[in-house]
Amino acid sequence: MQLSDNAIRVLERRYLTKNEEGEVIEAPEQMFRRVARTVASAEACYNTGTNPEELEETFYQLLSSLEFIPNSPTLMNAGKDLGQLSACFVLPVEDSMEGIFDAIKQAAIIHKSGGGTGFSFSRLRPAGATVNSTGGVASGPVSFMKVFNAATEAVKQGGVRRGANMGILRVDHPDILEFIKCKSDNKDITNFNISVAVTEEFMRAVERGGEYALINPRDKSIIRYIDAREVFDLIVEMAWKNGEPGIIFIDRINEYNILKKIGDIESTNPCGEQVLLPYESCNLGSINLARLVKKEGDKTVIDYQRLGKIVDDAVWFLDNVIDVNKYPLESIEKATKGSRKIGLGVMGFADMLIRLGIPYDTDEAVAAAEEVMGFINRRSKEKSAELAAVKGRFPFYQDSTYAAQGIELRNATTTTIAPTGTISIIANVSSGIEPLFALSFVRNVMDNDRLPEVHPIFEEIAKRKGFYSRELMEEIARKGTLRDIGGVPEDVKRLFATAHDIGPEWHVRMQAAFQRHTDNAVSKTVNFPSHATREDVRKVYLLAHKLGCKGVTIYRDKSREEQVLSIGNHDGARGGAKGEKAAGAAGRETITPRTRPEITKGLTEKVKIGCGNLYITVNYDDSGICEVFTNLGRAGGCPSQSEATSRLVSIALRSGISVEAIIEQLKGIRCHSTIRQKANGNEVKVLSCPDAIGKAIERAMKMNRGAGAIVKEDLTAEGAPARDGLKAICPECNGALEHESGCVVCRSCGFSRCG
């Protein structure tokens with residue numbers, strides 16, 4: 001198997017089976033075999049003449065070749081007791097206390113099983129409306145979103161990451177202004193991405209400069225009229241500020257709703273690409289386009305013959321997942337098996353373009369997108385029709401628009417463009433249909449050595465053309481782009497343009513090209529440089545509507561980080577999330593630790609040292625681990641030394657020193673009085689007080705890994721701030737976090753978090 005070192009690291013950390021001690025007991029080949037065997041076993045339910053063992057081998061080759069990879073829950077849970085294989089769910093939120101808390105309970109069950117949830121809060125009566133049963137007043141959608149958010153925080157998703165949610169409100173809901181502003185503070189509603197469901201009536205009012213009606217969802221009465229452009233401007237302002245909210249064009253989504261007779265689509269999954277009816281779920285998978293090019297003479301072309309075979313096998317695989325899946329709720333199983341929606345998408349598109357010699361921001365690239373996705377969409381329908389002939393149509397077929405057209409399919413939908421996050425790391429390719437995020441980044445390894453990890457195609461070309469050097473790769477990693485870097489040919493710079501090199505309009509044009517050949521929706525982030533204006537954001541929203549997108553998500557570089565980070569001494573009062581830099585004596589930089597948060601969470605553990613029992617408390621807040629306290633259980637020993645150590649550690653943590661660096665310094669320090677002690681039973685073996693503190697911090701860090709933090713990046717080896725000084729840092733490995741459809745993902749270790 002052609003797995004990169006990074007792919008193996010991510011698989012071991014997040015996907016491969018572990019024993020009770022947390023030790024990996026499964027190889028990547030065994031994982032793919034486990035998944036293939038489980039999914040192929042669905043054939044036993046049908047009298048098709050297909051040998052499940054032969055199909056298992058087909059699926060194993062499909063997965064182990066890295067030409068197709070399903071969504072993470074399928075890799076993690078297939079063949080295990082949990083058995084929940086879907087990534088995307090949508091739950092209804094009814095306008096009653098019982099309905100609201102039913103949805104919270106159902107979401108908790110889904111998050112526990114490894115899925116993400118989408119909600120529309122548009123049915124809830126507005127804040128201040130009368131509640132007839134009690135005579136009180138309603139608190140409104142945003143208030144209840146905070147309850148959902150708190151519940152999500154308490155549930156560890158699939159034992160790997162915290163749950164992710166999408167919160168949607170119609171633009172004509174009376175509480176829409178509060179909703180648009182509900183995430184203006186990055187500390188609020190942290191487990192939700194939010195989007196405004198924009199209607200065509202609203203967009204017409206924006207274009208002509210008129211008012212539109214706010215409607216009470218309870219009785220459909222008009223509450224009042226407000227200026228559409230003012231609301232649109234507020235959406236633009238908030239999105240410019242920190243990327244929230246996004247927009248979905250809800251009328252357009254329902255125009256393409258295959259099951260209109262069953263109901264309206266109200267919401268999407270957390271990243272916005274999977275539109276679903278209430279209680280539906282969908283399993284996704286992505287084809288690795290980077291591996292599907294071939295040489296014809298001197299020209300590189302797309303291998304459509306191979307692509308067609310992979311589409312056929314992938315559709316079969318995803319359809320079988322529906323049958324072997326263990327659903328978290330009976331209502332979800334009924335809805336999912338009724339429509340049998342699947343979402344086949346792609347990854348490695350940017351890599352494919354590079355192999356073809358086509359720059360991302362060109363008409364030729366847009367045409368290639370239409371061509372390849374058009375082929376995948378058509379071929380997936382042909383395979384779905386073939387499956388329908390031998391296994392039957394989806395049960396809700398008679399209520400579908402296909403019935404009126406005489407089109408017989410096994411699946412109500414077949415295509416979705418998802419963000420591929422960690423599965424693209426496994427495949428070692430670019431994510432989804434996004435352009436390259438970076439060409440090179442530096443990974444910290446043992447003994448503080450720093451190794452540049454380089455995009456494999458770029459490294460190949462650099463070595464072939466003779467301009468490769470480690471120093472150049474490190475410079476590219478620091479700057480994140482080939483712009484203003486000498487020694488790189490201009491045609492190479494053009495071909496390897498990164499996300500922030502590409503104009504926003506090209507991001508939208510590419511999304512629209514894929515949307516024209518995709519049943520569901522397209523996950524795509526429109527990247528803006530930090531200096532982009534509100535007018536730039538406005539133009540993108542209008543262009544996305546004009547070109548037929550079903551939604552749009554934007555992110556302006558550094559817009560979230562700058563809400564919690566501050567460079568320089570602003571009134572000398574407070575530090576940012578990880579401390580604040582200021583000019584000290586003789587012009588030297590000093591760091592002022594951020595103030596201690598008023599509220600922290602943490603854990604206390606007891607360890608036995610030579611002086612007795614040492615109680616170590618490690619606390620953290622939304623920005624990560626922030627302080628350590630120690631207390632000796634009886635008199636004697638050196639409590640002052642332990643206290644001094646813990647105080648210095650706390651200051652370092654709040655000044656931006658990485659947790660890993662602190663742990664490395666503390667672990668291994670020895671004290672003879674402690675070394676002579678023998679650990680009994682389940683006691684933690686330590687070498688000294690500092691060693692105990694380091695190990696306690698390490699355990700706390702592992703327990704808190706789902707919490708994500710925005711921190712100041714370490715200085716590079718040359719002493720210059722990387723990426724213009726500010727960026728989002730992975731809380732697990734200190735790698736760079738990429739923004740993707742309202743979420744972040746670390747391509748170094750696979751950490752991801754939405755909201």
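This is a predicted model: local features need pLDDT of at least 70, side-chain atom pairs count only at pLDDT 80 or more; totals for chains, interfaces and linings use all residues.
1. A charge sits over a ring if NZ of Lys or CZ of Arg is within 6 Å of the ring centre and within 35 degrees of the ring normal. The charged end of R556 meets this over the ring of W240, 3.9 Å from its centre.

2. Residues are numbered from 1 along each chain as its sequence is written, and side-chain values use heavy atoms, leaving out hydrogens and water.

3. The whole structure has 17 aromatic pairs (rings of Phe, Tyr and Trp, the last by its six-membered ring, with centres within 6.5 Å; planes under 30 degrees apart are stacked, over 60 edge-to-face, the rest tilted). F68 and F317 are edge-to-face because their ring centres are 5.5 Å apart and their planes at 70°. F68 is in strand β1 (residues 68-70) and F317 in helix α11 (residues 304-324), 249 residues apart (DSSP runs numbered from the N terminus: helices H or I, at least four residues; strands E, at least two). One aromatic cluster holds F59, F68, W316 and F317.

4. F458 and F496 also pair edge-to-face, 5.2 Å centre to centre, with 70° between the planes. F458 lies in helix α17 (residues 456-465) and F496 in the loop between α19 (490-495) and α20 (504-515), so the pair ties together parts 38 residues apart in sequence.

5. Burial (buried under 20% relative accessible area, exposed over 50%, partly exposed in between; 1.4 Å probe, protein chains only): F68 and F317 are both buried. F458 is buried at 0%, and F496 at 1%.
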